[in-house]
Amino acid sequence: MRVPGVGAAHVMVGRHRIKARADVRFRDPRQVKDDLTAVLDEERDRLALARPPRIAVRTRRRTR
């Protein structure tokens, strides 16, 4: 899965929560967070789990 503006990402999946951290290279971090949340929602819904985990997304700007 690709989201424009994300240079690197780290995703941890547990029983009750999906935690994602993304480094933003360009674009507004709020727009990247919205796009990343939408993509993760779609992928989670494709799994058709009885109790889908919550999604928590953090973004941070990286200039390196």
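The dialogue below goes through the fold, core, charges and backbone of a predicted model.

Trainee: What should I know before reading any values?

Mentor: This is a predicted model, in which local features need pLDDT of at least 70 and side-chain atom pairs count only at pLDDT 80 or more, while totals for chains, interfaces and linings use all residues. Residues are numbered from 1 along each chain as its sequence is written, and side-chain values use heavy atoms, with hydrogens and water left out.

Trainee: In what order do the elements of the chain run from the N terminus on?

Mentor: Helices (H or I, at least four residues) and strands (E, at least two) are DSSP runs, numbered from the N terminus. Here there are 1 helix and 3 strands, in the order β-β-α-β. The C-alpha atoms fill a box of roughly 40 × 15 × 15 Å along the principal axes.

Trainee: How many residues does the largest nonpolar core have?

Mentor: In soluble globular proteins, nonpolar side chains tend to be buried together. Buried means under 20% relative accessible area, exposed over 50%, and partly exposed in between, with a 1.4 Å probe and protein chains only. A nonpolar core is a set of buried Ala, Val, Leu, Ile, Met, Phe, Trp, Tyr and Cys residues joined through side-chain atoms within 4.5 Å. In this chain, the largest such core has 9 residues: Val3, Ala20, Ala22, Val24, Val32, Leu36, Val39, Leu40 and Val57. S2 and H1 each supply at least two residues of this core, and H1 gives the most, with 4 residues. Of the 64 residues of the chain, 22% count as buried.

Trainee: Which residues form the positive surface patch?

Mentor: For a patch, residues need over 30% relative accessible area and no salt bridge; like charges are joined within 9 Å, and nonpolar side chains (Val, Leu, Ile, Met, Phe, Trp, Tyr) within 5 Å. Lys and Arg count as positive and Asp and Glu as negative, while His and the chain ends are not counted. The positive patch here consists of Arg17, Lys19, Arg21, Lys33, Arg54 and Arg58. Strands S2 (17–24) and S3 (54–61) each supply at least two of its residues, and S2 gives the most, with 3 residues. Lys33 sits in helix H1 (residues 29–47) and counts as partly exposed because its relative accessibility is 37%.

Trainee: How many salt bridges does the structure hold?

Mentor: A salt bridge is a side-chain nitrogen of Lys or Arg within 4 Å of a carboxyl oxygen of Asp or Glu. The structure holds 7. In one of them, Arg44 pairs with Asp41, with the closest N and O atoms 3.2 Å apart. Both residues lie in helix H1, 3 residues apart, about one turn of the helix. Arg44 is buried, because its relative accessible area is 18%, whereas Asp41 is partly exposed at 26%. Elsewhere, salt bridges that share partners join Asp23, Arg60 and Arg62 into one network.

Trainee: Where does Arg27 lie?

Mentor: Arg27 lies in the loop between S2 and H1. Its phi is positive, about 80 degrees, although Arg27 is not a glycine. Arg27 also forms a salt bridge with Asp35, the closest N and O atoms being 2.7 Å apart. Arg27 is partly exposed at 27% relative accessibility, as is Asp35 at 30%.

Trainee: What is the phi of Ala48?

Mentor: Ala48 has a positive phi near 55 degrees and is a residue other than glycine. Ala48 is found in the loop between H1 and S3, and is exposed because its relative accessible area is 65%.

Notes
Areas by Shrake-Rupley, 256 points an atom, 1.4 Å probe, with all protein chains shown as cover. Charge placed at Lys NZ, Arg CZ, Asp CG, Glu CD.
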